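Reader: Hello! I have this model open on my screen and would like a close look at one part of it. Could you take me through that part and then show me how the rest of the chain sits around it?

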Amino acid sequence: MENSRMIKTANGLDKLFKILRTLIAVALVVMFAVLSALTIANWVNPDTVIGTDPELVDIGPLTLELAQAHRPDNGTVLRYAWAYAGMGAAAAIAMYYALGVVRSILAPMKQGQPFCQSVCDDLKKLGVVSIVMGVIANIGAAAEALSLMRIYGLVDLVGGEVIRSVRVNIEFDLTFLAVFFVLMLVRYIFQYGVELQHLSDETL
């Protein structure tokens with residue numbers, strides 16, 4: 001009974017992760033297609049309006065509206081858009097790979113055999129991917145904050161009677177390390193289960 005539940009759950013999760021991988025692939029293609037189209041449009045006609053309300057800057061719950069003279073031009077917007085797309089693509093590719101590894105972990109579970117060496121190997125891969133994704137997320141957050149300062153020239157606000165300085169506060173999220181060690185712990189548990197399974201098979 002418990003085995004059949006595991007097989008049913010594994011099959012359901014496998015279908016879900018397959019759909020998610022497809023959505024990630026489609027999103028990547030659409031993102032780069034749109035950016036390419038906007039880049040070509042700007043090259044053909046530099047007066048093309050890219051985006052809506054580029055003079056508005058969202059900082060947490062605040063929205064700043066810049067004067068028309070300080071509004072970023074299309075070239076600047078596109079450069080940073082491509083940079084963001086590159087970071088987003090790296091994260092998406094890592095997630096795509098991670099979902100593939102999870103599906104590989106689910107494969108023996110769909111057959112009712114959760115304790116096998118391939119699962120242990122895949123858990124190790126998943127742990128490494130969690131570190132890669134954590135590093136990408138931290139770099140992306142820092143890059144976003146720094147580029148926000150440059151693209152909108154927020155440093156130029158300094159020098160008046162109201163704003164004395166503008167600082168970028170970057171906090172690195174290290175929860176991905178906790179995820180890594182949890183996955184390693186689960187891997188050791190599965191490795192122990194594999195050894196017990198081998199002993200059981202030899203006994204039989």
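**A serine and its surroundings**

Ser-36 is found in helix H1.

Reader: That is the residue I would like to begin with. Is Ser-36 buried or exposed, or something in between, and how far is Ser-36 from Leu-78 in sequence and in space?

Author: Happy to walk through it with you. Please keep in mind from the start that this is a predicted model. Ser-36 has a relative accessibility of 30%, so it counts as partly exposed; the band for that class runs between 20% and 50%. Along the sequence, Ser-36 and Leu-78 are 42 residues apart, yet their C-alpha atoms are 9.7 Å apart in space. The helix that holds Ser-36, H1, covers residues 2–44 and has the highest mean pLDDT among the elements of the chain, at 90.

From there, let us step back to the whole chain. It has four helices and two strands, and from the N terminus on they follow the order α-β-β-α-α-α. Of its 204 residues, 29% are buried. The mean pLDDT of the chain is 83, with 82% of the residues reaching 70 or more.

The other end of the confidence range among the elements belongs to strand S1, residues 56–59, with the lowest mean pLDDT, 68. A friendly caution belongs here: where pLDDT is low, the predicted coordinates should not be read in detail. Leu-56 lies in this strand, S1. With 29% relative accessibility, Leu-56 counts as partly exposed.

Next comes the pairing of two helices. H2 spans residues 74–110 and H3 spans residues 117–151; their axes come within 9 Å and cross at roughly 165 degrees. An angle over 145 degrees counts as roughly antiparallel, and H2 and H3 are therefore roughly antiparallel to each other. The crossing of H2 past H3 is left-handed. Sorted by class, the residues in this contact are 23 nonpolar, five polar and four charged.

Helix H2 also holds Leu-106. Leu-106 counts as buried because its relative accessibility is 7%, and the limit for buried is under 20%. Leu-106 and Met-6 are 100 residues apart in sequence, while the distance from C-alpha to C-alpha is 9.8 Å.

The loop between H2 and H3 is where you will find Phe-115. This residue belongs to one of the three aromatic pairs found in a search of the whole structure. Its partner is Phe-190: the ring centres are 5.4 Å apart and the planes stand at 45 degrees, so the pair is tilted. With Phe-115 in the loop and Phe-190 in helix H4, residues 175–203, the pair links distant parts of the chain, 75 residues apart. How do the two rings' residues compare with the burial classes? Phe-115 has a relative accessible area of 37% and is therefore partly exposed, whereas Phe-190, with 16%, is buried.

Methods: Residues numbered from 1 in each chain as written. Predicted model: local features only at pLDDT ≥ 70, side-chain atom pairs only at ≥ 80, totals over all residues. Heavy atoms only, no water. Axes fitted to C-alpha atoms, helices over the stretch in contact; angles between N-to-C directions. Parallel < 35°, antiparallel > 145°, perpendicular 65-115°, else oblique. Left-handed = near helix turned anticlockwise from the far one by under 90°. Nonpolar A, V, L, I, M, F, W, Y, C, P; charged D, E, K, R; others polar. pLDDT = per-residue confidence, 0-100. Phe/Tyr/Trp six-rings, centres within 6.5 Å; stacked < 30°, edge-to-face > 60°. Buried < 20%, exposed > 50% of the residue type's maximum accessible area, 1.4 Å probe, protein only.
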